[in-house]
Amino acid sequence: MKIIMLGAPGAGKGTQAKKIADNYGIPHISTGDIFRANIKNGTELGRKAKEYMDQGLLVPDELVVDLVVDRVQKDDCAKGYVLDGFPRTIPQAEALDAALTTLGTAVDYAIDVDVPDENIVRRMSGRRACVSCGATYHIEHIPPVQEGICDRCGSTLILRDDDKPETVTRRLEVYHAQTQPLIDYYSGKGILRAVDGTKDMEAVFHEITSILGA
Ligand code: AP5
């Protein structure tokens, strides 16, 4: 099963993608996590990506397309995968479709996690991310057992640089201009499914499993 998660920044794509990956035994591929790991490791890709991410802008298509197209051809993707944060522009979606067509396959579902902008800034300011393993929490909705410490690996939890309110506003503008058109793109292909991302996490996941099946 090949799944794409769509939705505004902070809509809960990553939260649901992790649950889908665990439930269906497929890899969770997050381009944001890949960039953050590269930034942490001081790579050239990380250095280039950070310039854009810190401003709330998208990383250029040429830095992300080949990376994802290579990743989905790894052995662990044979049963499928859930893409979180990719594609994010029409050219990225077209490049993915072209690569998958060459491989004789296609995306099965594009799931749009729908959350109005007014809920987003509140969610992002409450998000905390682990500096080591990438686990995410929310200070109100999923707090860690010990404040500021990751339950999974014991490392420090931080507010992402791009989760500051002024950057979130810019990311929302970029989302509406460049990523929202993907909703029509996948709707036109008959594979778009929308879920109400304002519900609690388990209710959202229940809607998703009703779409994907057992
Ligand atoms: P990325 O990491 O993909 O960020 P994003 O799309 O902006 O999404 P987020 O990770 O911020 O949010 P999410 O929807 O996953 O929400 P989450 O589940 O964490 O990308 C970061 C940057 O990298 C981009 O801005 C761009 O610069 C670059 N980039 C990445 N991919 C790219 C690409 N393909 N092309 C170009 N550039 C690219 O949830 C948010 C919070 O809400 C959490 O605290 C969570 O606990 C809480 N929450 C989740 N669900 C619920 C719920 N149902 N109820 C209450 N709280 C909830």
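User: Hi! What does Arg128 count as, going by its relative accessibility?
Analyst: Hello! Arg128 counts as partly exposed, because its relative accessibility is 24%. Buried means under 20% relative accessible area, exposed means over 50%, and partly exposed is in between, using a 1.4 Å probe and protein chains only.

User: Before we go on, what kind of model is this?
Analyst: This is a predicted model, where local features need pLDDT of at least 70, side-chain atom pairs count only at pLDDT 80 or more, and totals for chains, interfaces and linings use all residues. Residues are numbered from 1 along each chain as its sequence is written, and side-chain values use heavy atoms, with hydrogens and water left out.

User: Back to Arg128, then. Where does it lie, and what does it touch?
Analyst: Arg128 lies in strand 5, residues 127–130. Helices (H or I, at least four residues) and strands (E, at least two) are DSSP runs, numbered from the N terminus. Leaving out residues up to four places away in sequence, Arg128 touches Ala135, Thr136, Tyr137, Ile139, Leu157, Ile158 and Leu159. Contact here means heavy atoms within 4.5 Å.

User: What lies 2.9 Å from a polar atom of its side chain?
Analyst: That is the backbone oxygen of Ser125. A polar contact is a pair of N or O atoms within 3.5 Å; within protein, one must be able to donate a hydrogen and the other to accept it, and residues adjacent in sequence count only if both atoms are side-chain atoms.

User: Let's move to the ligand. Which residues come nearest?
Analyst: Thr15, Leu57, Arg88, Arg127 and Arg171 come nearest, out of 35 residues around the ligand. A residue is near a molecule or strand if one of its heavy atoms lies within 4 Å of it.

User: Which element gives the largest share?
Analyst: Helix 2 does, with four residues. Helix 1 (13–24), helix 2 (31–40), helix 6 (117–126) and strand 6 (136–138) each supply at least two residues of the shell.

User: Which polar atoms lie 3.0 Å, 2.8 Å and 2.5 Å from the ligand?
Analyst: A polar backbone atom of Gly12 is 3.0 Å from a ligand oxygen, and a backbone N or O atom of Gly85 lies 2.8 Å from a ligand nitrogen. In the side chain of Arg88, an N or O atom is 2.5 Å from a ligand oxygen. The protein covers 97% of the 1,000 Å² of accessible area that the ligand has on its own; such areas come from the Shrake-Rupley method with a 1.4 Å probe, and for residues only the protein chains shown count as cover.

User: Switching topic: where is the cis peptide bond?
Analyst: A cis peptide bond joins Phe86 and Pro87, with omega at about -5 degrees. Pro87 sits in the loop between strand 3 (81–84) and helix 5 (90–102).

User: And Gln92, buried or exposed?
Analyst: Gln92 is buried, as its relative accessible area is 3%. Gln92 lies in helix 5 and touches Asp61, Val64, Val65, Phe86 and Pro87, not counting residues up to four places away in sequence.

User: Which residues of helix 4 are buried, then?
Analyst: In helix 4, residues 61–71, the buried ones are Leu63, Val64, Val65, Val68 and Val69. Their cover includes helix 2, helix 3 (44–53), strand 3 and helix 5.

User: How about Ile111, where is it and what does it touch?
Analyst: Ile111 is in strand 4, residues 109–114, and counts as buried because its relative accessibility is 0%. Beyond four places in sequence, the residues touched by Ile111 include Ile3, Met5, Val195 and Leu212. Ile111 and Leu192 are 81 residues apart in sequence but 6.0 Å apart in space, C-alpha to C-alpha.

User: Last one! How many aromatic pairs does a search of the whole structure find?
Analyst: The search finds one. The rings of Tyr185 and Tyr186 have centres 5.0 Å apart and planes at 85 degrees, so the pair is edge-to-face. Rings of Phe, Tyr and Trp (its six-membered ring) pair if their centres lie within 6.5 Å; planes under 30 degrees apart count as stacked, over 60 as edge-to-face and the rest as tilted. Both Tyr185 and Tyr186 are buried.
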